[in-house]
Amino acid sequence: MPQVSKYQLSKQVEEEVKSVFAETLSLLSTREDIFAFFDDFLTPTERIMLSKRITIAMMLKKGYNYEIIKDILKVSQATIASVNLKLKYTGKGYHQVLDRI
């Protein structure tokens, strides 16, 4: 499971770090570039975890129920519920991406 340092960054540094990350992602223009970057940047567990989350969101948006998602993706109901809460209440980013897929 990914861990974050217990030492918090200042808000300014945190915003700069997020900005660098967003800029890095914006530079990836092909599928091959994206896969190469994520192969280097993320662990296999992180890659599958993030892939499953977007797939959960897509399936929820298409109307699949929890049991089907759980059986297909081998995820817990808690994970599905977490994604579902984001979609319902704060999921602007999810919706922007899902509307483009």
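A residue counts as buried when its relative accessible area is under 20%. In this predicted model, asparagine 84 has a relative accessible area of 14%, so it is buried. Asparagine 84 sits in helix α5, and, leaving out residues up to four places away in sequence, it touches Leu60 and Tyr66.

Now for the helix around that residue. Two packed helices are described by the angle between their axes and the distance between the axes. Here is how that looks for α5 and two partners:

| Helix pair | Angle between axes | Axis distance |
|---|---|---|
| α3 (residues 44–61) and α5 | about 65° | 9 Å |
| α5 (residues 77–90) and α6 (residues 92–100) | roughly 95° | within 7 Å |

Take α3 and α5 to begin with. At about 65°, α3 is roughly perpendicular to α5, and it passes α5 in a right-handed crossing. On the α3 side, the contact uses Arg53, Ile56, Ala57 and Leu60, while α5 brings Thr79, Ile80, Val83, Asn84 and Leu87. Sorted by class, that contact has six nonpolar, two polar and one charged residues. So our buried asparagine is part of this contact, as is Leu60 of α3.

On to α5 and α6. Their axes cross at roughly 95°, and the two helices are therefore roughly perpendicular to each other. From α5, the contact takes Val83, Lys86, Leu87 and Thr90; from α6 come Lys92, Tyr94, His95 and Leu98. These residues split into four nonpolar, two polar and two charged.

Val83 and Leu87 of α5 are worth a look in the viewer: both are listed in the contact with α3 and also in the contact with α6.

Technical notes
Residues are numbered from 1 along each chain as its sequence is written. This is a predicted model: local features need pLDDT of at least 70, side-chain atom pairs count only at pLDDT 80 or more; totals for chains, interfaces and linings use all residues. Side-chain values use heavy atoms; hydrogens and water are left out. Axes are lines fitted to C-alpha atoms, for helices over the stretch in contact, and angles run from 0 to 180 degrees between N-to-C directions. Helices (H or I, at least four residues) and strands (E, at least two) are DSSP runs, numbered from the N terminus. Angles under 35 degrees count as roughly parallel, over 145 as roughly antiparallel, 65 to 115 as roughly perpendicular and the rest as oblique. Contact means heavy atoms within 4.5 Å. Ala, Val, Leu, Ile, Met, Phe, Trp, Tyr, Cys and Pro count as nonpolar, Asp, Glu, Lys and Arg as charged, and the others, Gly among them, as polar. A crossing is left-handed if the near helix is turned anticlockwise from the far one by less than a right angle, and right-handed if clockwise. Buried means under 20% relative accessible area, exposed over 50%, partly exposed in between (1.4 Å probe, protein chains only).
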